[in-house]
Amino acid sequence: MTTLTASPLTATDRCDRCGAQAYIRATLASGSELLFCAHHAREYETGLRAIEADIYNETERLAETPPVAPVDER
């Protein structure tokens, strides 16, 4: 088995279910990838684990505080 290093998800990566920013990448045995927001990843996690999908999780980024926030977000 070859282990691939997943590239980080960016703001342009969107949830395949709802279009929100994706923080989870699930790679299926076929090589296909599914992207999920944290909400939908939790919803489908059991099924993804059942089919042994490789799950790359960046949800820890949700707790990060940006170094500079726009004026309207302060």
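**The hairpin and its neighbours**

Mentor: Let's start with the turn: β1 and β2 form a hairpin, with five residues between the two strands, and Gly31 in that turn has a positive phi of about 100 degrees. Before we go on, this is a predicted model, where local features need pLDDT of at least 70, side-chain atom pairs count only at pLDDT 80 or more, and totals for chains, interfaces and linings use all residues. Residues are numbered from 1 along each chain as its sequence is written, and side-chain values use heavy atoms, with hydrogens and water left out.

Trainee: Which pattern does the protein follow along the sequence?
Mentor: Helices (H or I, at least four residues) and strands (E, at least two) are DSSP runs, numbered from the N terminus. There are one helix and three strands here. Read along the sequence, the pattern is β-β-α-β.

Trainee: In β2, what is the bridge partner of Arg25?
Mentor: Two strands pair if DSSP finds at least two bridges between them. β1 and β2 (residues 33–36) are antiparallel and share four bridges. In that pairing, Arg25 has as its partner Leu35.

Trainee: Is His40 buried or exposed?
Mentor: His40 lies in helix α1. Buried means under 20% relative accessible area, exposed over 50%, and partly exposed in between (1.4 Å probe, protein chains only). His40 has a relative accessible area of 11%, so it counts as buried.

Trainee: Which residues does His40 touch, not counting those up to four places away in sequence?
Mentor: Contact means heavy atoms within 4.5 Å. By that rule, His40 touches Cys15, Arg17 and Cys18.

Trainee: What share of the protein's residues is buried?
Mentor: The protein has 74 residues. Of these, the buried ones make up 24%.
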